Amino acid sequence: MTFQKTLGLALALVLTAPLAPASAAEIGAAAPAFTLTDIDGQSRSLEDFAGQTVVLEWTNHECPFVKKHYNGGNMQRQQAEATGKGIAWLVINSSAPGKQGHVTPEQARAIQADWEAGQSAYLFDTDGEVGRAYGAKTTPHMYIIDADGVLRYNGAIDSIQSADVADIEKAEQFVEIALAELAASEPVSQPLTRPYGCSVKY
Amino acid sequence: MRPLLPSFMLPVLLLGLLATAAPEPSPAQGEPPALRTDHLYSRLVAEDDAVVPGESLRVGLWLRHDPEWHTYWRNPGDSGLPTRIELGVPPGFEAGPIQWPIPERLPVGPLVNFGYSHTIVLPIEIRVPADLDADSITIRARADWLVCRVECIPGEGEYNLVLPVAEEAAGDPRWAADFARADRLQPAPAVGRAALSFTAETVEIRLPAQTTNAGGTAGDTGSRPEPATDIDPQWLFFPVTPDVVSNAAEPRWLDTGEGLALVLPKNDYFVAEPARFEFLLARGETGKRFEARPVTGARGAAADGAGAAPVEAAGSAAGAGAPGAPRLPAAPGILLALGLAVLGGLALNLMPCVFPVLFLKAAGAIEAADDRGRLRRQGLYYTAGVVLSFIAVAGLLLALRASGEALGWGFQLQSPVFVAALVLLFFVLAMNFAGLLEFGGRLAGAGQRLTQGSSDRAAFFTGVLACLVASPCTAPFMGVALGVALTLSAPAALAIFAALGLGLALPILALGWVPGLARLLPRPGPWMQTFRQLLAFPLLLTVAWLMWVYGEQTSASAMSWLLAALVGVAFGLWLLRIHWRWPGYALLALCIALPLLRAPAPSAPADRAAGEAAAMHERWTPARLAELRAAGEPVLVNMTAAWCITCLANERVALSSGAVRDALRARGVHYLKGDWTSRDAEITAYLESFGRSGVPLYVLYPADGGEPVVLPQLLTAEMVRQAIEQI
């Protein structure tokens, strides 16, 4: 019967159809792609960093929790160590125009220079699209994407939820630990933690 | 004896006094003024004017916030930090934990925090040793907090409180009202323990059967237990244990028959099932503190079957009592769900996508009408094919959900690749039905082996095909049954899916087993060829519709490529027909493999939403819904997907009709539409909070926070209009 052959062919092709990959920011899934403008007006995509581990840091220079980690030198130290190992460190500002923490590229450059920050790029997410795609809630809020573009960490920078610089050295540095585990090809032991800080000013 | 102003506080105080013109609580004579930090006055206060050896003393951190500013509760919610108090007491004294008063819900955009505004005291009880031998004691405290409006400012303070030691103490009138309010706001421990259960997206909390107030407020110990105050869905929910349930979502209340249960989406930072979960339920100044432990074995209230029905809030009871008013449909028990599943399967046979396949099987039956044994055997093989395929798909769905994927029924269609595969399948079937193709030779090795030479095997795979083509046509009965299925244990869920398959296979099965039925079939003849050709058109219509779904999921250009691939498939089949074998095979392979391999990423809902900006609805987000609900606005939520025929029909017939549009406008109802065409964990969670695993879902929220009404899955304009007018 011709029908049976048709059927067989059709079945063969349907049964082998794979399911599409997930689209949300989930641990173990592909990190949402993005293209944003950096401090120099250049377009930067997540794809540009393929093959590299990428750290995303949501920032707002007026937020006391961001200030805690910059004034305490914690953020700069981790940035320097990571970029020294070939990791891309992207600082993202999702503050909408008119909201707290919204800055011009010149202001951003001055702020980061003043802190002696060592990010690979500073990106503007003025419409908040990338922040929402990742579910960024606070500043700081940290993400780690591995060399294959898979999201490996989502959460706080460290374990002590406070705005007190003195707490930094007592805290478990989640990002640092996760990066070390990834470098050793081990699974990230705490891939999801609750971020703390100021709400992102979308 | 009056406390002296500690020297370290002087600069802070001076700065504070100079910097602010805000009205400051006037200090009593000799009392140090409150510490002024950003947007907050704070001080350490005692409930009584003296310390009595052997008794307990309550002190507290007294906070007065500037208007619009707040500090946080022990669980601050989505952002913020809990206020911390470190007490320094003399040796022999023992300080207890902070007696946190019931907080306020503080929505900030899409987030919800828990905290305090205006004036509040955070009390701490201190045990005073009986052998205290001193004229006075000094209690020191160090506190820090985060004070926020939209922006947040961390603050801290250090305090000293000197109290005389005396035989008797009297209440300090300055703080009496504040302590009394903190007492009224103390949640009383609830009697009994709540039970927790988890699904992939939700947490269900079943309240103890008898929720009685264990006592009065924490302040007046020794009072007799009060009679039970009935908890109802008007009570507010506050999670004490963080990172388990969503802070922003309002719970969905269920009546399990044995008591109330609350369903909440999981928190974004839910990592593992907690061994213990604490929460408050509060109404006004009355609150109860519950402790919950996970239950093992059971899978939630819905699993208990009969009797689990969403609770009608008192506010909506009047409207719901009117004749013809939409009621919340009760979640069915397992037997009812099985029955519904069989009926749903039967109804599937009439869907435009399944009917042609049914005809294929029936055509076989017509030819074999006289051979009862063959009819029966093929009917059984067909049934086995259908049922096993349903179980396989359901098993895959359950396995994916167990691994944490946010999926519901119809999940296959959320994948553009699967939709493309269905387009190709239906197109090839349509070509065959239309008689445009007469295949010669071996087409596909795999396909041939599946079907060649054995009509039993063909019957089995016709069953598999029926399951595949049925997937886009979720019949209205199935929504509820499948929603229940996914909350049940795996065997029960699989049984429901198997029942669905059985329903789908029933007509063919009946041919062989019901005496006389086969004889009712028309005699075979040339009409069958004509009828078969006619059926090519519903198949092509299905192709057109799936093509649109694919276009919605991807883009117009991806859809055009798929169309081109269809032309290529037709051309390849024609090449085969004129015996140009190898070019034909090559072209077929190319046109079938390419659309499946280079699957375009699903487009973001936001892109699609942009095109709908002019439409009368807004895009659904949990935040937008919470915002409108908080503002007391009435809301209609429509959860839909491009691949859901029922949804599209309802939108055409009812929701987009003039009558409904006018009613929405007249009552000022906001119309929010959630698009589940591609995967969306937030929508999945929302569906599950209503005990559903698939679309459509229509929920009507009355103004001023009344209990939502779930509309039926098949709508008429009149029904929707009435529902809107009754809220």
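Trainee: In which sense do strands β4 and β5 of chain A pair?
Mentor: In this predicted model, local features need pLDDT of at least 70, side-chain atom pairs count only at pLDDT 80 or more, and totals for chains, interfaces and linings use all residues. Strands are DSSP runs of E with at least two residues, helices runs of H or I with at least four, numbered from the N terminus, and two strands pair if DSSP finds at least two bridges between them. Strand β4 (residues 88-93) of chain A is joined to strand β5 (residues 121-124) of chain A by 4 bridges, with A:I92 opposite A:L123. The sense of the pairing is parallel.

Trainee: Why is one side of β2 and of β8 in chain A left without a neighbour in the sheet?
Mentor: The open sheet of chain A has 7 strands in the order β2-β1-β5-β4-β3-β7-β8, with mixed pairing. Strands β2 (43-45) and β8 (151-155) of chain A each have a single partner strand, because they stand at the edges.

Trainee: At what angle to β7 of chain A does helix α6 run?
Mentor: Angles run from 0 to 180 degrees between N-to-C directions, along lines fitted to C-alpha atoms, for helices over the stretch in contact (heavy atoms within 4.5 Å). Helix α6 (residues 174-183) of chain A lies across β3, β7 and β8 of chain A. Its angle to β7(A) is about 5 degrees.

Trainee: What percentage of the residues in chain B is buried?
Mentor: Residues are numbered from 1 along each chain as its sequence is written, and chains are lettered from A in the order in which they are written. Buried means under 20% relative accessible area (1.4 Å probe, protein chains only). Of the 727 residues in chain B, the buried share is 54%.

Notes. Heavy atoms only, no water. Buried < 20%, exposed > 50% of the residue type's maximum accessible area, 1.4 Å probe, protein only.
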